[in-house]
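Please keep the sequence and the model at hand while reading.

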Amino acid sequence: MRALAIASLWALPTTAWAEPFAADPVADEPTDTAEPVVQETPQDESIIVTGTRRTDRTVTQSAVPIDVFSAQTLETQASGDMNNLLRNLVPSFNVARFAIADGSTFVRPPTLRGLPPDQILVLVNGKRRHRAALVQIGGGSLAAGAQGPDLAQIPTIAIERIEVLRDGAAAQYGSDAIAGVINYGLKRDAGLEVNTRVGQTFRGDGESYQVALKYGLPLPEGNYTTVAFEYLKSEQTSRGVQRPGALLLAQSNPAVYGGIRNPVQIWGDPKVEAYRGFLNAGFSVTDDVEVYFFGNMGQSNQEGDFNYRQPVPFTGPNQFGNPTTYGAAGGIFNTLYTRVIPGLTDARGRPVYDGTGPTFNFNSIYPLGFTPRFFGTVKDLSTVGGLRGNLGGLNFDVSASYGENSIDYYMTNTLNPSLGPDSPFDFYMGRLTQRETNFNADFTYPVDLGLASDLTIAFGGEHRNEAYQISLGDPASYAIGPYGLQSFRDANGVIRTNTAQQLGSNGFPGYGPDSTINQGRNSYAIYGELEVDLIEGLSLSGAVRHENFDGFGTTTNWKATARYEFSPALAIRGAASTGFRAPTPGQLFTTNVATAFSGANPIESAIYPVATAAAQAAGATPLTPETSKNYSAGVVFTPTSALSVTIDYYNIEVDDRIGLTGNIEINTEARRQALRDANVANAESLGRLRYFTNAFATRTQGVDVVANYVLNTDIGRFNTTVAGNYNKTEVTRADTINAGPIFGQLTLIDRVREGNIENGLPKFRGNITETYTNGPTTIVLRANYFDKYTSFALPADGGDLVIGSEWTFDVETGIQITPWARFAVGAENLLNNYPDRNYRATGLNGPTANNIPVQNWYPFTGGTIAGTVYPDDSPIGINGGFYYARLNLSF
């Protein structure tokens, strides 16, 4: 059995995780940025399994920075969302909650070290986790166009430990491991755990209920089966105010418009109901060989508001007495003519309607306007199975895995404007699906060369298939109705063109035959790695990985690390590596059309695949892989077993970054004609377009500082963690292309996108955590600091805004009531702090020749034209304080 325990530590599919806790007596010890948990064993003895193929490395012995978080640490977090949990623990990990952002409201895009979610590799038990089906569209500039895993699908109760490798590791683990690696280890211990939590915001909304259980079967030694399940329900929060147009409309004519809801659209967290489960099992075949299986199933149902459609415009004076439009109605509420003149067609062969005959207006359906309600159902599935063990000193792990994530979109309280009076009001818009299949064979073999340690030789291979599918919505959701661009004959016999009506379900058109795809690609990889202590105190490692991607050719990447220990109290470490990431099938084929706003005006915006005629008319070229170079250097201080300090510098250069362009405006008749020539169905109503591009490069530099100190006293134990991250990203290249005589010179990464990439996150983040333990009582205090950042916007949207720095404070007090029951109460953001208001500009009512920002803030409502009060990309969120109580039972 001892050989199996050793094999389970190194078992590296593309890393090393299988059964990491069986051979680690101090797996729960706080290490690096991990929050303190009471243990008597020195913190630097916790064995790590990420970033190394050896079985005897601890956190402070690692040549690259790594954080370890125990199950006890995870259980003291206020949030039931894995994204929020990691944000609280890792200063270089950021994630926002975007209130009205299409699918990005449901699948949140995290960043690590200022890099997007698809540059973060996520593993479970050392096996690659599949991506979410969503390609990020509305999740902010840093994530725009990224496609990473959905971390919210991982329930906390299933996790024994998280390791966060903060270093490039593509040569070890393959594509995506540019910013770092997050490795989740599943629980495998016997017994029953039941965790419950209830809470709500200080304002009294956002009620949250969570019930989770884990049961491990009492099996013979070397065998385990553990099942974990979590149920989470959270109500919607509201942090907006009434839109100025809706308020003034109701005040001006209360008899007609007094029934407009206040606020007419809700800005806040969506309503969520989620079910998540994990299974982790392993059985001994012999003393040295084990068969294992783990997987998950999950579903989350979420819903939130889209932007309000005002039934009629309202124009009134601003604070200077100048006329201002407070909410435009758009073309939806224009009068439509419903009687066709027999035998008469216009120049394009379309029927001509009688402009003196019967009419229809959507005011008859929505006299107060309407706010579409957007629904998303996310389903997640994964299965992993394999055989691992030790044969004659050779450790092996052979495995196969399958992962699938899908999102179904629905919308109610809306319409298809082009269908006129025949439009339904509820729609199913279709499904996005991501599927991944992996086969891995991994081997390690220690060789005694008479050096300070054995030479660890690792090698293996991987085959991966990745597929992306867009499935049809219901026909009405994408239908091009007869009123899309209506010709009518007026009373004077002149044929005129009515205002173009948007096509498909308003707010988010469904996926039609032109959008549906089912495409995939294969990749193959082989790798080799060596790691050794050359002399006492000097550790070296090197890795090489060769991969072949369908359609993108081959790539070879490498990594080298070194660590030198001057004494047990002082060591230096460093690493250099290269990386490679090919465009995902989702990035190659995603199509999206949605309604956005420019100032007060609704505008139809589209994203088209680079292979389409629409994107190519605007200068799109085929995507190529992005490449990276990663350098790090650090120092480790461990003067006593109670104190450790690590300081690490990093420099990450990413060339040919894959992302979305800035907005390309369809603001001339020539550009609109080019879209007609490209057979774009919504050419008449489209206001702007984007597509994926490699047209920029970045350099990200920063410093991580982590300190842990444990103090035992007569009045209890104090465990202190101080962690900070300074991060700066610079756009080092932003290409300008010649898109031909119609679109001309285009800067694909515009000033707004570039500014938000460089300045859209706090440059400094830090936290101080104090855990006090005395007998059955534990008190956790945490102070979080977020530096200022700048939100860039067009002058039409109010211009740029510097959002000030913030402090938030968290507290939890818990008591072990019995050996099997613990009760705790706590508060996140104890002082109920909010970010700066989204106050950019007031007073001006239209674009100016010198690009002076126009009004976005309306003092008489205390909010923006859309009713927002706070920027929803704020790293502290917009909900204020949250308090909770939890009861954990363990048998």
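The sections below describe sheets, helices and nonpolar cores in turn.

## Basis of the report

The structure is a predicted model. Residues are numbered from 1 along each chain.

Val122 has Ile182 of E7 opposite to it.

Because 8 of the 8 residues of helix H3 (residues 82–89) are buried, the helix is largely enclosed by the rest of the structure. At the start of H3, the backbone nitrogen of Asn83 has a side-chain oxygen of Asp81 within 2.7 Å.

## The four-stranded sheet

A further open sheet has 4 strands, ordered E16-E17-E23-E24, again with mixed pairing. Strand E16 (340–345) and strand E24 (495–497) are the edge strands, and each pairs on one side only. On average, neighbouring strands of this sheet are turned by 40° against each other, direction ignored.

E16 runs antiparallel to strand E17 (residues 351–354), and 2 bridges join them. Thr345 has Pro351 as its bridge partner in E17.

Strand E11 (residues 271–286) is joined to strand E10 (residues 224–234) by 11 bridges, and the two run antiparallel. Here Tyr224 has Gly282 of E11 as its bridge partner.

E11 also pairs with strand E12 (residues 289–305), in the antiparallel sense and over 15 bridges. A hairpin of 2 residues connects E11 to E12. Across this pair, the bridge partner of Phe283 in E12 is Val291.

## The nonpolar cores

Which residues touch the most other members of the largest nonpolar core? They are Tyr409, Leu689 and Tyr691, in a core of 63 residues. Two or more residues each come from strand E19 (373–391), strand E20 (394–412), strand E21 (427–447), strand E22 (455–471), strand E30 (601–607), helix H9 (613–617), helix H10 (669–677) and strand E35 (686–690). Apart from this core lies another, of 36 residues, including Val90, Val124, Leu151 and Ala158.

Leaving aside residues up to four places away in sequence, Tyr691 touches Tyr608, Val610, Ala615, Ala618, Gly619, Ala620, Gly659, Leu660, Thr661, Ile664, Ile737 and Leu748. In soluble globular proteins, nonpolar side chains tend to be buried together.

## Helix H12

Helix H12 spans residues 751–759, and Val752, Arg753, Gly755, Asn756 and Ile757 are buried in it. What covers these buried residues of H12? The covering elements include strand E33 (659–660), strand E37 (696–713), strand E38 (716–734) and strand E43 (789–791).

Notes: Predicted model: local features only at pLDDT ≥ 70, side-chain atom pairs only at ≥ 80, totals over all residues. Heavy atoms only, no water. Buried < 20%, exposed > 50% of the residue type's maximum accessible area, 1.4 Å probe, protein only. Contact = heavy atoms within 4.5 Å. Pairing = 2+ DSSP bridges. Core = buried A, V, L, I, M, F, W, Y, C linked by side-chain atoms within 4.5 Å. Polar contact = N/O pair within 3.5 Å; in protein donor to acceptor, adjacent residues only side chain to side chain. Axes fitted to C-alpha atoms, helices over the stretch in contact; angles between N-to-C directions.
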